[in-house]
Amino acid sequence: MIVITGGGSGIGRSLAFSLARRNQSVLIVGRREKHLQETAAFSKNIQYICADVSTLEGLQSITNRLKDVHQVTALVNNAGTLNPLGSMREIQPEDWHHALNTNLNAALFLPQKLYDKLINGRVLNIGSGAAYFAIRGWAAYCVSKAALSMLTKCWQMESDEIAFASVMPGIIDTRMQDIARSSENPDYERVNFYKRLKDEHRLVSPETVAEFLTWLLLDLDKETYISKEWDIYDTKHHQAWLKPPHQVLHWDF
């Protein structure tokens, strides 16, 4: 079974569809049952559980749900939040902790809890280019994604039995980009940049990202899988998985 957190929409939903088409058994995790039900309706290969990965109770619910599953062949830590958005001087402790619990801590504690079931399997952490450059008003997101990249490297050092990797999936046409183009985005200097990407059809589709992630999870040998932090814009691997109608277009600020 492959477990995908944040599986009710966006990348998670598209990845669940892609894996189900490859006849993989998938368990999607999320907080919004309606979205999970809609995703699971796509295929009998997709099951779901309502759980909040930012809480210990939610992580334990996932563990309990998988109690009778002999092996988890892959875990995709995809659940993420952009909030809190705004000045660092105004961030409230509870909002900061929620962001780190969702974007970072779940990627520590869920593999911990599922470790025995993940042996000889893979963990894929969904990172971001925001790990490597600061964005005004996005401190919690940038910091948590930077830490997630390092967490992946630490897991790699301490685990020979499980293959850990992280991936930067690009600037994707999801709800997060709706926010980036709106007045909600405190990084006001880049709002027009994000609007231009949308207008010029340069956003990566969730379906294209799903093709990339499916290739990483199912088709790549272990040594190559753990060899780098994967970047969807790196053209060196495009020939292996990027087929029409999917496309990945580069952009400039």
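This is a predicted model: local features need pLDDT of at least 70, side-chain atom pairs count only at pLDDT 80 or more; totals for chains, interfaces and linings use all residues.
**Helices α1 and α9**

The crossing of α1 past α9 is right-handed. From α1, the contact is made by Gly10, Ile11, Ser14, Leu15, Ser18 and Leu19. From α9, I listed Pro206, Glu207, Val209, Ala210, Glu211, Leu213, Thr214, Leu217 and Leu218. Sorted by class, the α1 and α9 contact has 9 nonpolar, 4 polar and 2 charged residues.

**The sheet**

Next I traced the strands. I found an open sheet of 7 strands with parallel pairing, in the order β3-β2-β1-β4-β5-β6-β7. Which strands stand at the edges? They are β3 (46-50) and β7 (230-231); each has a single partner strand, so one side of each is left without a neighbour in the sheet.

Strand β4 (residues 74-77) runs parallel to strand β5 (residues 122-126), and 4 bridges join them. For Leu75, I noted Val123 as the bridge partner in β5.

**Helices on the sheet**

Helix α2 (residues 33-40) packs on the sheet and touches β2 (26-30) and β3. The direction of α2 makes about 170° with that of β3. I came back to α9 here, as it also lies across β1 (2-5), β4, β5, β6 (163-168) and β7. Relative to β5, α9 runs at about 155°.

**Helices α4 and α6**

Helix α4 (residues 93-113) and α6 have axes that come within 8 Å and cross at roughly 15°. Angles under 35 degrees count as roughly parallel, and that makes α4 roughly parallel to α6. The crossing of α4 and α6 is right-handed.

Which residues of α4 meet α6? I listed Trp96, Ala99, Leu100, Asn103, Leu104, Ala107, Leu108, Pro111 and Gln112. Those of α6 are Ala139, Ala140, Tyr141, Val143, Ser144, Ala147, Leu148, Leu151 and Trp155. I counted the classes as well: the contact of α4 with α6 has 15 nonpolar residues, 3 polar and no charged.

**Aromatic pairs**

I searched the whole structure for aromatic pairs and got 9. I wrote down Trp138 with Tyr194: the ring centres are 6.3 Å apart and the planes are at 10°, so the pair is stacked. Trp138 is in the loop between β5 and α6 (139-158), and Tyr194 is in helix α8 (residues 191-199). The pair therefore ties together parts that are 56 residues apart in sequence.

**Backbone entries**

Most residues other than glycine have a negative phi, and most peptide bonds are trans. I noted some entries of another kind. The peptide bond joining Asn83 and Pro84 is cis, with omega about 0°. I placed Pro84 in the loop between β4 and α4. A cis bond also runs from Pro244 to Pro245, where omega is near 5°. Pro245 is in the segment after α11 (238-241).

What is the phi of Asn23? I read a positive value of about 65°, although Asn23 is not a glycine. Asn23 sits in the loop between α1 and β2.

Notes
Residues are numbered from 1 along each chain as its sequence is written. Side-chain values use heavy atoms; hydrogens and water are left out. A crossing is left-handed if the near helix is turned anticlockwise from the far one by less than a right angle, and right-handed if clockwise. Helices (H or I, at least four residues) and strands (E, at least two) are DSSP runs, numbered from the N terminus. Contact means heavy atoms within 4.5 Å. Ala, Val, Leu, Ile, Met, Phe, Trp, Tyr, Cys and Pro count as nonpolar, Asp, Glu, Lys and Arg as charged, and the others, Gly among them, as polar. Two strands pair if DSSP finds at least two bridges between them. Axes are lines fitted to C-alpha atoms, for helices over the stretch in contact, and angles run from 0 to 180 degrees between N-to-C directions. Rings of Phe, Tyr and Trp (its six-membered ring) pair if their centres lie within 6.5 Å; planes under 30 degrees apart count as stacked, over 60 as edge-to-face and the rest as tilted. Angles under 35 degrees count as roughly parallel, over 145 as roughly antiparallel, 65 to 115 as roughly perpendicular and the rest as oblique.
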